[in-house]
Amino acid sequence: MRRGRNRFASKRILWILSIAFFILILIFLLIWQTELVRKSPTTNPRTEDAISPQDENYLFNAKVSVFTKSDGKETFTVDYQGKRLRSNYSDEKFFDDKSNGNVVVDYTIVKQKGGVDVVYRISNPTQSPQRVPDLKIDGILNTNKQIENPEYYQAKNSAGFQSMELTSGRINFIDSYYPSNYYSPVVVMRDKSFTAGSALQYPYLDYKQNVRTTISMNNNTNSPRYKTWSHRYRDFNDASSFQDGANAMIQPGQQLRYVITLRFSEPKNWIFTLYPYKKYFDNLYGKDSGNVKNRNLIPIRGMQIGDGFLVNENNPRGYRGIHGSDGRIDLKGWGPLTDWFIQDTKDLGYKRVLIWLPSGAYDNESNNFPPQFMSNWLPNVINTEGNLTKYIENEIELGFWWGNSNKIPVPNIWEPDTLVKSDYENQDHKRFLATELVLARKRNAKFIGLDKFTQMPVYQRILWLEDMKRIIPGAEFGHESPGPDSIHRKMPNIGAPSAFGNVPGVDLLTWYLNPSATIYILGDGEYGNVDFLKNMSKWGYTPIPKDTRLSVNDFTMSLIECNDGIDQRGDGRVDYYDCGCLAGSEVETGDARCLNN
Ligand SMILES: [Ca+2]
Ligand SMILES: [Ca+2]
């Protein structure tokens, strides 16, 4: 009996001891796991904590000296491995006043890894509005010799490096307005030995200012800065009037803050000179947590069914004779064209289509394409619109191209006298645009290509896009020509190489700022060939072959290793953080030699 009780007690002690041991092991595992995660080299470099040291490590570990000159003004020099990258000069300036000295410009230079920040505080102590000064950094010592391959980065349409033809005597490059007509307010120049990359930080949606982004070579033979480079952010203007608007003004008592960030790196590491801008951009507009795989990479088949030059009294809307005369929907209605197009599209391997000029073209060529893409359909066309439900029945996504999508016909009739730029504040304009969208929703449109969407100020485009998403929920929109970084965070861009120039490779700036944002590429004219479209696919663009019968049955849509959001070698460096990619390879190599720490 006693022995039995003892046995029972020792059994209980054993049981308690095992539980305690088990809990101890759990605690140990938990601590060990946490330590492991903290030290793990495979931590995603895109997480907030990991990004700053990682991105900065791609910059030169340069000697940056900030000092005060005898006139009391701050300046700086940058040297790397015995080479001077930025020098101070007696005639250098960090701004150009445009107010006859009425505004007060205060700037400080803050030393950073691989360069500096120039922080401006601009105030207006007078009783009247004054012009905003130009901001700039002079004395950057990229090459002035053609033989050393000077290049600047073009952040619009044909994104990529452009050779600078210095022998032609040209001294200003880029010279484009952000955000009305340029992707980001950045200047990147590189040569055989280094990259100098700068960016302007300012809260566009608060200031509502456009800024002209320029890189210039000093061509004054009497200047000590002769043949050195300046990164300039200038001619600030009022963003309400597109890019040729009135001068931007600073109001009495107002204070404006701008920062130019300048960083230096090896030529191939150029994207990371824009690291401070990325950080600022993410703070301003929200962080993109996705990657290139989140883009809509499924190709679209484009078909234009009308043409202005075909308009005559027998063909008042200029419909094309596609598939025999099935394209004449004014005569035959949507039925025959739709049946043929759906079958042909399926045979060629597409799941998405995009139709240009559903309502036909104007006789007045200068007003084409008509903004009335959904309204003003001819009787045979409107009476047979029921055929459009066949797309959804065949699991094909239907899209329409909205011609002159930021313009309003005046008067509001077919064949108007003129088209005017739409204004988000104008209720009549909004009513016209919304009416078109409601019709598109009724016809099950899932994609709308916004032709010439650039005719509205960027801050209005952002508001109008939110309205459009409410009017036609679930539909996708595309911005043509490509919109700026801030809009691209919210909607896809559409590039047209045949109109704006070739696309030579991955759009690295987009990959860096907006990795999950889709970029459509129109493949028409000389770009309507399989090799081009396959390249587009593997570089993370979504092809829209237009007016061709190209099959996409053998498109794998697999991305190059350097652009797929996957860390192939598990070394903690994803895609262009993996150094072989920066050097021009399409596969991750894990080679750490691009780091300068
Ligand atoms: Ca890797
Ligand atoms: Ca990869």
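View 1. Leaving out residues up to four places away in sequence, Phe194 touches Leu85, Phe264, Ser265, Glu266 and Pro267; two residues are in contact if their C-beta atoms, placed from the backbone, lie within 7 Å. Phe194 sits in the loop that runs between strand 12 (186–190) and strand 13 (195–201). Helices (H or I, at least four residues) and strands (E, at least two) are DSSP runs, numbered from the N terminus. Why does Phe194 count as buried? Phe194 is buried because 25 other C-beta atoms lie within 10 Å. The cut-offs are 20 or more other C-beta atoms within 10 Å for buried, 12 or fewer for exposed, and partly exposed in between, with C-beta atoms placed from the backbone. Asn124, 70 residues from Phe194 in sequence, is 39 Å from Phe194 in space, C-alpha to C-alpha.

**View 2. The largest nonpolar core and Val353.** This core has 137 residues, and those with the most contacts inside it are Phe264, Val353, Ile355, Phe400, Ile448, Ile521 and Tyr576. A nonpolar core here means a set of buried Ala, Val, Leu, Ile, Met, Phe, Trp, Tyr and Cys residues joined through C-beta atoms within 7 Å. If you zoom in on Val353, you will find that it touches Ile300, Arg301, Met303, Phe341, Thr345, Ile396, Leu398 and Gly399, residues up to four places away in sequence not being counted.

**View 3. Helix 10 and its packing partners.** Helix 10 (residues 458–471) has 14 residues and reaches 20 Å from its first C-alpha to its last, close to the 20 Å expected at 1.5 Å a residue; the expected span is 1.5 Å times one less than the number of residues. Its buried residues are Val458, Arg461, Ile462, Trp464 and Met468. They pack against helix 9 (427–442), strand 24 (476–479) and helix 11 (485–488).

**View 4. Where domain 1 meets domain 2.** An automatic or database domain assignment divides the chain into domain 1 (60–285), domain 2 (297–559) and domain 3 (560–597). In this view, 24 residues of domain 1 are in contact with 22 residues of domain 2. On the domain 1 side, helix 3 (204–207) and helix 4 (275–285) each supply at least two residues, and helix 4 gives the largest share, three residues.

**Notes on the views.** Residues are numbered from 1 along each chain as its sequence is written, while chains are lettered from A and ligands numbered from 1 in the order in which they are written. In this predicted model, local features need pLDDT of at least 70 and side-chain atom pairs count only at pLDDT 80 or more, whereas totals for chains, interfaces and linings use all residues.
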